[in-house]
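Please look through the sequence and the model before reading my comments. I have kept to points that can be checked on the screen.

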Amino acid sequence: AAGEQGGFFWEFSGLLAAAADRSGVMRLTPLQTGGSVENLAMLRSGEAELAMSLADVIAGTPGADDVAAIGRVYENYFQVAVRDDSPIHSIEQLAGRTVSIGAPGAGATVLSERVLATVGLADPDALRRVERPMRGAATELAEGRIDAAMWAGGLPTPAFADLPVDIRLLDLSAVVDALRSVYGTAYEPVSVPAGVYGPHPGVTTVGVANLLLARRDVPDTVVADIVDLLLDDPSSLVPAQAIGSQFLDAQSLIQTGPVALHPGATAEYRRRHG
């Protein structure tokens, strides 16, 4: 269970599937989905054996004990974009505006609501919420049909990288501190360089780890083979949009927080690195 085309999960899953094809040890088939929430539901139902998910949405999801981590693969950047000509310059100024909070089934919608709550916009009437896939949100933002788009992805996220208008990201420095005070270290401040999407300044936004997950009933040998894919040629698994923090090394892969590693992953990391 991967994610939306034009998003981070989808791109990484495709690279992982290609690496599996080259290795000849298995075939991985990425499934297009709305994102983390839908992916976790597909794991629970057995529609998928593997899934990508933002780390922050796993703990509160029904059946979370039935999934295990293969590794912490990358950092996702939560981003709030407006058109460069917009009068909106802070997250508080989204009050009364039309805002895409993410795609249906995406983990970004959970984080969007948490971010809005930190600035007093939790009330359903505080702004007009719509749920759009990344490409739809990007198009509507460029055309002025929505005032802002919220999503989690790499830098730059392809769906937003080549729009006919310049966009800029809102700085979320204060939001990060508020989120950490409530939810702990699942969230961390990350820097977005200037000019990623146009002539905008650098900003601080919210970082949250991406985990590659497996159902607990996936055989240990299969999970061990996937660990080998992650370790043997990590440079081939770096999406073009992943210019931020890279986690594809042995030390960071095992830092999966409250989500326990799959026994097959634990055994293979120990075999490879002690």
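The numbered points below take up strands, helices and a few single residues in turn.

1. On the basis of the note. This is a predicted model, in which local features need pLDDT of at least 70 and side-chain atom pairs count only at pLDDT 80 or more, while totals for chains, interfaces and linings use all residues. Residues are numbered from 1 along each chain as its sequence is written, and side-chain values use heavy atoms, with hydrogens and water left out.

2. Helices (H or I, at least four residues) and strands (E, at least two) are DSSP runs, numbered from the N terminus. Buried means under 20% relative accessible area, exposed means over 50%, and partly exposed lies in between (1.4 Å probe, protein chains only).

3. On the partners of β8. Two strands pair if DSSP finds at least two bridges between them. Strand β1 (residues 50-54) pairs with β8 in the antiparallel sense over 5 bridges, and A51 stands opposite L213 there. Strand β2 (residues 67-83) is also antiparallel to β8, with 10 bridges; here N76 stands opposite V208. With strand β7 (residues 188-192) the pairing is antiparallel over 5 bridges, and P189 stands opposite V206.

4. On strand β5. How many of the residues of β5 are buried? The count is 6 of 6, so β5 is mostly covered. Strand β2 runs antiparallel to β5 and is joined to it by 5 bridges, with V80 as the bridge partner of M150. Strand β3 (residues 98-100) runs parallel to β5 and is joined to it by 2 bridges; S100 is the bridge partner of A149.

5. P156 lies in the loop between β5 (148-153) and α5 (158-161). The peptide bond from L155 to P156 is cis, with omega near -15°. Please find this bond in the model.

6. On helix α4. Helix α4 spans residues 134-143, and its buried residues are M134, A137, A138, E140, L141 and A142. An α-helix has 3.6 residues a turn, so residues three or four places apart point the same way. The cover over the buried residues of α4 includes β2, β3, β5, α5 and β6 (167-169). Just after α4, G144 takes a positive phi of about 80°.

7. On the pair α7 and α9. Two packed helices are described by the angle between their axes and the distance between the axes. Axes are lines fitted to C-alpha atoms, for helices over the stretch in contact, and angles run from 0 to 180 degrees between N-to-C directions. Helix α7 (residues 220-232) and helix α9 (residues 263-273) have axes that come within 8 Å and cross at roughly 50°. The two helices are therefore oblique to each other (under 35 degrees counts as roughly parallel, over 145 as roughly antiparallel, 65 to 115 as roughly perpendicular and the rest as oblique).

8. On the contact between these helices. Contact means heavy atoms within 4.5 Å. The residues of α7 that meet α9 include V223, V227 and L231, and those of α9 include A265, E268 and R272. The residues of this contact divide into 8 nonpolar, 2 polar and 6 charged (Ala, Val, Leu, Ile, Met, Phe, Trp, Tyr, Cys and Pro count as nonpolar, Asp, Glu, Lys and Arg as charged, and the others, Gly among them, as polar).

9. On H262. Is H262 buried or exposed? At 0% relative accessibility, H262 counts as buried. H262 sits in the loop between α8 (250-253) and α9. Not counting residues up to four places away in sequence, H262 touches A68, A69, A214, R215, R216, V218, P219, D220 and V223.

10. D217 lies in the loop between β8 and α7 and is exposed, with a relative accessible area of 52%. The C-alpha atoms of D217 and G46 are separated by 10.0 Å, although these residues are 171 residues apart along the chain. M42, found in helix α2 (residues 36-45), is buried, with a relative accessible area of 10%. Leaving aside neighbours within four places in sequence, M42 is in contact with A1, L31, T33, E47 and A48.
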